[in-house]
Amino acid sequence: MTQGTAQVLAGPPAAAALLDEARRRAARLPRPPHLALVRVGEDPASVSYVRGKAKKASEVGLSSHVHALPGDTTQADLLALIGTLNAEPAVSGILVQLPLPAHLDPEPVLLAVNPAKDVDGLHPANTGALWNAHEGLRPCTPAGIMALLAHHGVTVRGARVVVVGRSALVGRPVAGLLLNADATVTLAHRVTPDLGAVTRGADILIVAAGQPHLITPDMVRPGATVVDVGINRVPTEDGKGRLTGDVHPDVAHVAGALTPVPGGVGPMTVAQLLMNTVIAAERQHVQPEVT
Ligand code: NDP
């Protein structure tokens with residue numbers, strides 16, 4: 001990577017601070033918050049992600065259980081498990097690891113999760129609450145980006161923010177959170193004409209496009225804060241491949257601050273999942289009827 005001058009907005013210290021807060025708040029509850037992790041089949045990436053989430057949960061004093069269902073599980077059996085977990089008062093949060101095997105439709109499964117236990121924050125009740133600035137559980141990567149910016153002292157209020165990408169997972173919800181935090185927000189996508197002219201207007205540029213090095217130095221306003229959400233595996237000569245973001249490394253010469261890939265937004269996502277589990281448990285403790 002080219003040596004740059006931008007401040008590095010590192011994820012690990014921001015994630016550690018979020019995990020510390022989750023640990024402190026979990027310890028104040030009468031029983032440890034419990035995260036139910038639902039996985040179907042043996043996709044190696046899913047097995048590894050779920051194992052990592054369970055390990056991190058125990059590190060911050062949360063209990064968790066991995067419900068590992070066989071690859072040929074039916075839609076009805078999966079929905080029945082979600083129903084059981086919804087009804088179980090000891091379960092604070094439910095996470096269904098995606099992608100599901102091809103024969104299962106994720107939509108009804110995500111809709112079946114009780115919004116009060118939807119620690120992924122992707123149920124329409126929670127996305128609707130986000131857009132109306134009402135209380136709800138926020139999607140992990142977008143909320144993690146907000147925590148990362150706050151940790152590093154980046155002021156969102158009043159800033160002109162451009163988000164590149166409009167997915168339900170990242171672009172749309174992070175735009176909603178930024179709006180709720182009093183930023184002036186522009187959402188750009190594949191059909192946006194002259195993307196560079198739009199991104200150059202940003203005090204804070206958030207890129208979640210999944211396109212390696214889409215953002216080049218000429219597309220960034222000098223001194224801007226740039227958050228690179230992209231995680232792309234690109235081929236290398238040794239055949240192993242390496243991870244790179246959506247932002248060209250030379251942007252570090254222009255930007256005032258920049259998140260690295262890896263080691264930027266990535267660590268925030270799991271930390272926010274555990275924070276969401278604690279938030280869900282706190283609300284269920286105060287309002288047990290919602291569980
Ligand atoms: P999606 O593929 O669902 O969405 C990509 C978005 O980017 C779309 O809205 C698309 O526009 C837009 N886009 C793609 N190419 C261009 C382009 N050339 N110009 C302008 N806009 C473009 O991806 P996700 O939102 O799920 O993920 C985005 C990236 O973030 C990926 O690299 C993913 O791996 C990473 N990611 C990282 C996470 C983390 O923890 N760090 C978590 C989640 C995702 P259109 O709608 O017009 O097609």
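The legends below walk through several close-up views of this predicted model.

View 1. Let's start with the record: an unreviewed UniProt entry lists Gly165, Arg166, Ser167 and Ile231 under "binding site".

**View 2. A closer look at arginine 166.** Here we zoom in on one of the residues that UniProt lists for "binding site". Arginine 166 sits in the loop that runs between β5 (160–164) and α7 (171–180). Leaving aside residues up to four places away in sequence, arginine 166 touches Gly171, Arg172, Leu187 and His189. Because arginine 166 has 17 C-beta neighbours inside 10 Å, it counts as partly exposed.

**View 3. A closer look at isoleucine 231.** Isoleucine 231 is also on the UniProt list. You will find isoleucine 231 in the loop between β8 (225–228) and β9 (232–234). Its contacts, not counting residues up to four places away in sequence, are Leu243, Val261 and Gly266. With 17 other C-beta atoms within 10 Å, isoleucine 231 is partly exposed.

**View 4. Helix α5 meets helix α7.** Two packed helices are described by the angle between their axes and the distance between the axes. For helix α5 (residues 124–131) and α7, the axes come within 8 Å and cross at roughly 35°. On the α5 side, the contact is made by Thr127, Leu130 and Trp131, and on the α7 side by Pro173, Gly176 and Leu177. The residues of this contact divide into 4 nonpolar, 2 polar and no charged.

View 5. Strands of a sheet pair through backbone hydrogen bonds, either parallel or antiparallel. In this view, 3 strands form an open sheet in the order β3-β2-β4, with parallel pairing. β3 (63–69) and β4 (93–96) stand at the edges with a single partner strand each, so one side of each is left without a neighbour in the sheet. From one strand to the next, the twist averages 15°.

View 6. Strand β2 (residues 34–40) pairs with β4 in the parallel sense over 4 bridges.

Notes
Residues numbered from 1 in each chain as written. Predicted model: local features only at pLDDT ≥ 70, side-chain atom pairs only at ≥ 80, totals over all residues. UniProt positions renumbered as here; feature names shortened; annotations may be inferred. Helix = DSSP H or I, 4+ residues; strand = E, 2+ residues; numbered from the N terminus. Buried ≥ 20, exposed ≤ 12 C-beta atoms within 10 Å, placed from the backbone. Contact = placed C-beta atoms within 7 Å. Axes fitted to C-alpha atoms, helices over the stretch in contact; angles between N-to-C directions. Nonpolar A, V, L, I, M, F, W, Y, C, P; charged D, E, K, R; others polar. Pairing = 2+ DSSP bridges.
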